[in-house]
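Hi,

Here is the structure I promised to pass on.

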Amino acid sequence: MNLINVFDAPIYEFDTIDSTNKYAKDLCKEYAKNGTIVISNHQTNGRGRLGNSWESPENNGIYYSIIIEKLKDNLKYETLTLFICLGITKLFEDYSISSQIKWPNDILINGKKVCGILSEFTSTPKGDFIVIGIGINVYQNENDFPTELKHKATSLKLNTSTNIIKDYLINNLTSTIYDYYNRFLLNDFKSIKEEYTAKSSLINKEISVCINGNNTYGKVIGFDDYGHLLMKHENGLISVNSGEVTLRSVYNK
Ligand code: BT5
């Protein structure tokens, strides 16, 4: 099956690469058309946030980056990531999989991570771009995950009886991103707040967030109209911006 890009932009396809996000960011230095996709069957240096790595074994996953041109001043990439997370949970429903969003950038199935998103802003002499990197575990069995991930990672295949054809899934991922990107251009987070909140894994959970190096504890009560996390804290209500936060832990209470 051929990969199709509904953005009408190039697809750079690799068998192996260090990181699709890195390649995409390099493309931006020379200018990249909005919607350009970089995809690989394997990554040797898959990246997560804040120096974390993304386990990217060959054949078992989707390692995908899409370049979005910064078209307007208020194109806030953190908000775009929230739209895309919601879209991905809808995409998984095609496989009868119910997933939850762990704000801001993880998709979980029954508490285990199946998909991680790394959005990176890059400013080049050719313009400003956002590279949205998406890693999805597709075909792994439990024993395929390294020991340190076994208790916290899962794959689509482990959660569906539907046969998954990777290229078909990739094409649907691009269509989903296209759809939610266009929704994002026309609306703000408020328009998806209800749907997003219904998919959130954090509502009513006690969490710890690291803001500028300081840990703050509180109970999540929801999201504001901008997609900031609302947390009840001993000194009152605080809103947390995804751009400046590390979620340290989630305890079920
Ligand atoms: C993320 O970071 O979840 C973003 C991952 C983005 C990966 C994509 S793949 C295509 C594109 N090119 C890249 O180089 N990257 C992007 P973070 O929230 O920091 O989570 C990373 C943490 O998730 C690690 O420290 C592990 O604990 C865990 N982890 C690593 N690999 C995993 C996997 N395959 N499945 C589930 N969890 C994993």
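Before anything else, one term: a polar contact is a pair of N or O atoms within 3.5 Å, and within protein one of them must be able to donate a hydrogen and the other to accept it. Also keep in mind that this is a predicted model.

Gln 140 has a relative accessible area of 2%, so it counts as buried. What does Gln 140 touch, once its neighbours within four places in sequence are left aside? The list is Pro 57, Asn 60, Phe 145, Ser 155 and Leu 158.

A few individual distances to look up in the viewer:
- Gln 43 has a polar side-chain atom 3.0 Å from a nitrogen atom of the ligand.
- Arg 49 places a backbone N or O atom 2.8 Å from an oxygen atom of the ligand.
- Asn 105 has a polar side-chain atom 3.4 Å from an oxygen atom of the ligand.

On its own the ligand has 790 Å² of accessible area, and the protein covers 91% of that.

Now for the rings. Searching the whole structure turns up ten aromatic pairs. One of them is Tyr 31 with Phe 129, edge-to-face, at 5.9 Å centre to centre and with 65° between the planes. This pair bridges distant parts of the chain: Tyr 31 is in the loop between α1 (20-29) and β2 (37-40), Phe 129 is in strand β7 (residues 127-137), and they are 98 residues apart. Are the two partners buried or exposed? Tyr 31 is partly exposed at 42% relative accessible area, whereas Phe 129 is buried at 0%.

Tyr 196 and Phe 223 form another edge-to-face pair, 5.1 Å centre to centre with 90° between the planes. Here helix α5 (residues 193-199) supplies Tyr 196 and strand β9 (residues 214-223) supplies Phe 223, 27 residues apart. Tyr 196 is buried at 0%, and Phe 223 counts as buried at 5%.

Lastly, ring pairs join Phe 7, Tyr 178 and Tyr 181 into a cluster.

Cheers

Key. Residues are numbered from 1 along each chain as its sequence is written. This is a predicted model: local features need pLDDT of at least 70, side-chain atom pairs count only at pLDDT 80 or more; totals for chains, interfaces and linings use all residues. Side-chain values use heavy atoms; hydrogens and water are left out. Rings of Phe, Tyr and Trp (its six-membered ring) pair if their centres lie within 6.5 Å; planes under 30 degrees apart count as stacked, over 60 as edge-to-face and the rest as tilted. Helices (H or I, at least four residues) and strands (E, at least two) are DSSP runs, numbered from the N terminus. Buried means under 20% relative accessible area, exposed over 50%, partly exposed in between (1.4 Å probe, protein chains only). Contact means heavy atoms within 4.5 Å. Accessible areas come from the Shrake-Rupley method with a 1.4 Å probe; for residues, only the protein chains shown count as cover.
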